[in-house]
Amino acid sequence: MNLIDILEKEEIIKMNKNIPYFNSGDTIIVSINVIEGNRKRIQLYEGIVIAKRNRGFNSSFIVRKVSYGEGIERTFQLYSPLIYNIKIKRRGSVRRAKLYYMRKKFGKSARIKEKIFYKKKHFF
């Protein structure tokens with residue numbers, strides 16, 4: 001492991017962010033710190049994760065939402081100080097890592113099936 005990787009891991013540990021594990025297809029709510037003049041507020045951005053890029057400290061993800069019939073995508077840096085919190089609303093069941101095909105879909109065809117976790121039954 002080289003020096004840059006070691007320094008990046010130390011910075012990630014220093015930030016002490018509680019980031020949940022999420023994948024493409026998951027619906028998440030990203031809370032963002034917005035500073036307007038001398039006021040500070042938290043803005044929520046809810047949408048489907050269509051791409052995730054794991055590059056250590058430079059990790060990022062793209063969230064897509066449809067607002068008033070127009071698709072809006074926003075790229076977030078995972079370890080950005082502007083991100084206050086990330087919550088997972090629902091897990092999606094998809095077979096691809098990048099969901100760029102969602103850009104062409106709208107209406108009912110743009111829905112993603114929810115991932116259901118089944119409990120194992122133990123018979124003794």
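Visitor: Where is serine 80 found?
Guide: This is a predicted model. Strand β4 covers residues 70-77. Serine 80 is found in the loop between β4 and β5.

Visitor: Is serine 80 buried or exposed?
Guide: The cut-off for buried is under 20% relative accessible area. Serine 80 has 17% relative accessibility, so serine 80 counts as buried.

Visitor: Which residues is serine 80 in contact with, leaving aside neighbours within four places in sequence?
Guide: Contact here takes heavy atoms within 4.5 Å. With the neighbours within four places left aside, serine 80 is in contact with Met15 and Lys17.

Visitor: What is the phi of asparagine 16, and where does the residue lie?
Guide: Most residues other than glycine have a negative phi. Asparagine 16 is not a glycine, yet its phi is positive. The residue lies in the loop between α1 (3-15) and β1.

Visitor: Is asparagine 16 buried or exposed?
Guide: Exposed means over 50% relative accessible area. Asparagine 16 has 66%, so asparagine 16 is exposed.

Visitor: What is the phi of tyrosine 68?
Guide: Tyrosine 68 is in the loop between β3 and β4. Its relative accessible area is 88%, so tyrosine 68 is exposed. Tyrosine 68 is not a glycine, but its phi is positive, at about 55°.

Visitor: Which side chain forms a polar contact with that of arginine 64?
Guide: Arginine 64 sits in strand β3, residues 60-67. Its relative accessible area is 15%, so arginine 64 is buried. Leaving aside neighbours within four places in sequence, its contacts include Gly47, Ile72 and Met102. The polar contact, 3.2 Å, is with the side chain of glutamate 73.

Visitor: Which element gives the most residues to the largest nonpolar core?
Guide: The largest nonpolar core has 13 residues, and Phe22, Val30 and Phe76 are among those with the most contacts inside it. The elements giving two or more residues to this core are β1 (27-36), β2, β3 and β5 (83-90). The one that gives the most, with 3 residues, is β1.

Visitor: How many residues are in the second, separate core?
Guide: Ala51, Ile62, Leu99 and Ala110 are included in this second core. The core is separate, and its count is 8 residues.

Visitor: Which residues is isoleucine 86 in contact with, leaving aside neighbours within four places in sequence?
Guide: Isoleucine 86 is among the residues with the most contacts inside the largest core. With neighbours within four places left aside, its contacts are Ile19, Pro20, Phe22, Ile28, Ile29, Phe61 and Leu78.

Visitor: How far apart in space are isoleucine 88 and threonine 27, C-alpha to C-alpha?
Guide: Isoleucine 88 is in strand β5. At 28% relative accessibility, it counts as partly exposed. Its contacts, leaving aside neighbours within four places in sequence, include Thr27 and Ile28. Isoleucine 88 and threonine 27 are 61 residues apart in sequence, but their C-alpha atoms are apart by 6.2 Å.

Visitor: What is the accessible area of the nonpolar surface patch formed by Ile42, Leu44 and Tyr84?
Guide: Isoleucine 42 is in strand β2, residues 39-53. Its relative accessible area is 43%, so isoleucine 42 is partly exposed. Together, Ile42, Leu44 and Tyr84 have an accessible area of about 340 Å².

Technical notes: Residues are numbered from 1 along each chain as its sequence is written. This is a predicted model: local features need pLDDT of at least 70, side-chain atom pairs count only at pLDDT 80 or more; totals for chains, interfaces and linings use all residues. Side-chain values use heavy atoms; hydrogens and water are left out. Helices (H or I, at least four residues) and strands (E, at least two) are DSSP runs, numbered from the N terminus. Buried means under 20% relative accessible area, exposed over 50%, partly exposed in between (1.4 Å probe, protein chains only). A polar contact is a pair of N or O atoms within 3.5 Å; within protein, one must be able to donate a hydrogen and the other to accept it, and residues adjacent in sequence count only if both atoms are side-chain atoms. Patches are made of residues with over 30% relative accessible area and no salt bridge: like charges are joined within 9 Å, nonpolar side chains (Val, Leu, Ile, Met, Phe, Trp, Tyr) within 5 Å. Accessible areas come from the Shrake-Rupley method with a 1.4 Å probe; for residues, only the protein chains shown count as cover. A salt bridge is a side-chain nitrogen of Lys or Arg within 4 Å of a carboxyl oxygen of Asp or Glu. A nonpolar core is a set of buried Ala, Val, Leu, Ile, Met, Phe, Trp, Tyr and Cys residues joined through side-chain atoms within 4.5 Å.
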